[in-house]
There are 2 protein chains.
Amino acid sequence: MLQLCWADEAALETNNRGLTYGDGLFETLRVEGASAPLLSYHLDRLVRDAGRLGIPVARHDIARHCDSALARYCGLYGDAVWILKLILTRGEGGRGYRPAPNMRPTLILQHAPAPQAPPAAGVYVDFSRVPLTVNPVLSGIKTLNRLEQVMAARELVDPVFEVLMSNAAGDVVEGTRTNLFVRLPEGWVTPPASSLAVSGVMRQRVIERLHSAGEALTERPLGLGELVGHSCQAICLTNSVLGVVPVRNLAGQDLPVDSMLATICSPSN
Amino acid sequence: MLQLCWADEAALETNNRGLTYGDGLFETLRVEGASAPLLSYHLDRLVRDAGRLGIPVARHDIARHCDSALARYCGLYGDAVWILKLILTRGEGGRGYRPAPNMRPTLILQHAPAPQAPPAAGVYVDFSRVPLTVNPVLSGIKTLNRLEQVMAARELVDPVFEVLMSNAAGDVVEGTRTNLFVRLPEGWVTPPASSLAVSGVMRQRVIERLHSAGEALTERPLGLGELVGHSCQAICLTNSVLGVVPVRNLAGQDLPVDSMLATICSPSN
């Protein structure tokens, strides 16, 4: 049913809708050896969100191809962490924006070395000048429409690791490649799923771990003032490849570095 | 400087940012024989908007490759109208969303038969249930991020030719592949460029022709009530391939069919 494309062997037809319209979605998996610890989270999200886009896929099909990819590439990296990237598109052709009936989705499989881990002592973060717009039909989906994130990422200049993007209401929503957790007197707060451009699998795991640990967590909009005010006790960013990344400095202002969130979300817990 | 990709000869590397992030833009040119009547409009827009995205291109380079493509493919279509599609991407690779410095942009050249012309007696149009969101950083740019339009186009069922999309403020902005002109007692009205997802070259030409003809034209937001109310005298849609398309029925309500706009915008004028 799926058309497979191994990125190290084949190229993509230029009428593939992943290129022409960004008509698809992707997952970036952290892999250790031949094991992707968050695999089931990624599969769940990919299948659910493909359904929202109307791209028909079966979870067991994607899982089987992931297993093949993990076996195929794990030998290349030895003990080093690596990345398996899945791109799922609606397929080739169609009449303009309108998809043809019964299109055959394309699954592209790519591997890459993992990026350098951010310092455990925390990272420098700033606010983006690029506003974030989220269409409710696409909220949270890691689609191939990522130009807003690209435009914001162009602002990244060392040592700034990430920029936070705000929506038209003035709420701070997420980073270009990270979700946001802020520790306030009431406990941890993270913006609600409906407001997100990308609802990360690591975000999902952190929410589950906080609940398991009996920690207070609220999903609600976060005003900019709450991040830069005196009541902000800590900020962490989450990303499925990098895990939980504490922020040590936001827009020039030092912050206490939280290690609790990373600890309770570590794979050994 | 550009990396050329002739779609009928070559495929695309799967690390091209046009695929991975929709990091690029496109133009769809109507061609008659070896001549694309709106070529200069397309070139102007492509170069201007590539500049907004930070993709460096020279107009004369794109123009030269267009000339080659027109010469290369015109023989395939005889007297029939055909389409030349240009896709310009930021190029291959980069570190995640963040582009690498000095990337080499990719120009993909594709040809296709023209779609069937809509009936001169006008088309059926409805309202989309998919809201339109426009990031001010990307407004008007025909980027490769077109999933909102794809999701809306999935609603198209014969005989509906187009659906109109509204923004969060409730203003009707544009169709999935067309811009909108509404004739009201004050004259023609079209939504302002800053509100548009795609600012079409045909829209630009219509605006110029209306001005030349001394017709009243205002660029301002259009409430839904203005399109379905008694004061709406006519609605036309514009598209660079299809030209000016009068609407004969909106959401089940018949409308007077305007032929003036198509007439003053015809190539012979």
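The structure is a predicted model, in which local features need pLDDT of at least 70, side-chain atom pairs count only at pLDDT 80 or more, and totals for chains, interfaces and linings use all residues. Residues are numbered from 1 along each chain as its sequence is written, chains are lettered from A and ligands numbered from 1 in the order in which they are written, and side-chain values rest on heavy atoms, with hydrogens and water left out.

The same surface serves both copies, since 100% of the contact residues of chain B recur in chain A, where contact means heavy atoms within 4.5 Å.

Chain B brings 55 residues to this contact, and chain A brings 55 residues. The size of an interface is often given as the accessible area lost when the parts come together. Here chain B and chain A bury about 4,200 Å² between them, with 63% of it on carbon and sulfur atoms; buried area is the accessible area (1.4 Å probe) that two parts lose on being put together, summed over both. Within chain B, the residues that lose the most area to chain A are Leu19(B), Tyr97(B) and Leu147(B), together 19% of what that side buries.

What kinds of polar pairing occur between chain B and chain A? There are 17 residue pairs in polar contact, both residues at pLDDT 80 or more. A polar contact is a pair of N or O atoms within 3.5 Å; within protein, one must be able to donate a hydrogen and the other to accept it, and residues adjacent in sequence count only if both atoms are side-chain atoms. The interface of the two chains has 0 salt bridges, a salt bridge being a side-chain nitrogen of Lys or Arg within 4 Å of a carboxyl oxygen of Asp or Glu. On the side of chain B that touches chain A, the elements giving two or more residues include helix H1 (17-20), strand S2 (24-32) and helix H4 (147-153) of chain B. H4(B) gives the most to that side, with 6 residues. Helices (H or I, at least four residues) and strands (E, at least two) are DSSP runs, numbered from the N terminus.

Turning to chain A by itself, the domain assignment gives domain 1 (3-113) and domain 2 (123-264), with bounds that come from an automatic or database domain assignment. The C-alpha centres of these two domains of chain A lie 25 Å apart. In chain A, 20 residues of domain 1 are in contact with 21 residues of domain 2, and the area buried between these domains is about 1,700 Å², of which carbon and sulfur atoms give 62%. Between domain 1 and domain 2 of chain A there are 0 salt bridges, while 10 residue pairs are in polar contact, both at pLDDT 80 or more. On the side of domain 1 of chain A that touches domain 2, S2(A) gives the most, with 7 residues.

Some local details complete the picture. Over all chains, the whole structure holds 32 salt bridges. Arg90(A) forms a salt bridge with Asp23(A), with the closest N and O atoms 2.7 Å apart. Arg90(A) lies in the loop between S3 and strand S4 (106-113) of chain A and Asp23(A) in the loop between helix H1 (17-20) and S2 of chain A, so the pair ties together parts that are 67 residues apart in sequence.

Most residues other than glycine have a negative phi, and most peptide bonds are trans. The peptide bond from Asp158(A) to Pro159(A) is cis, with omega near 5 degrees, and Pro159(A) lies in the loop between helix H4 (147-153) and strand S6 (160-166) of chain A. In chain B, a cis peptide bond joins Asp158(B) and Pro159(B), with omega about 5 degrees. Asn102(A), although not a glycine, has a positive phi of about 55 degrees; Asn102(A) is found in the loop between S3 and S4 of chain A.
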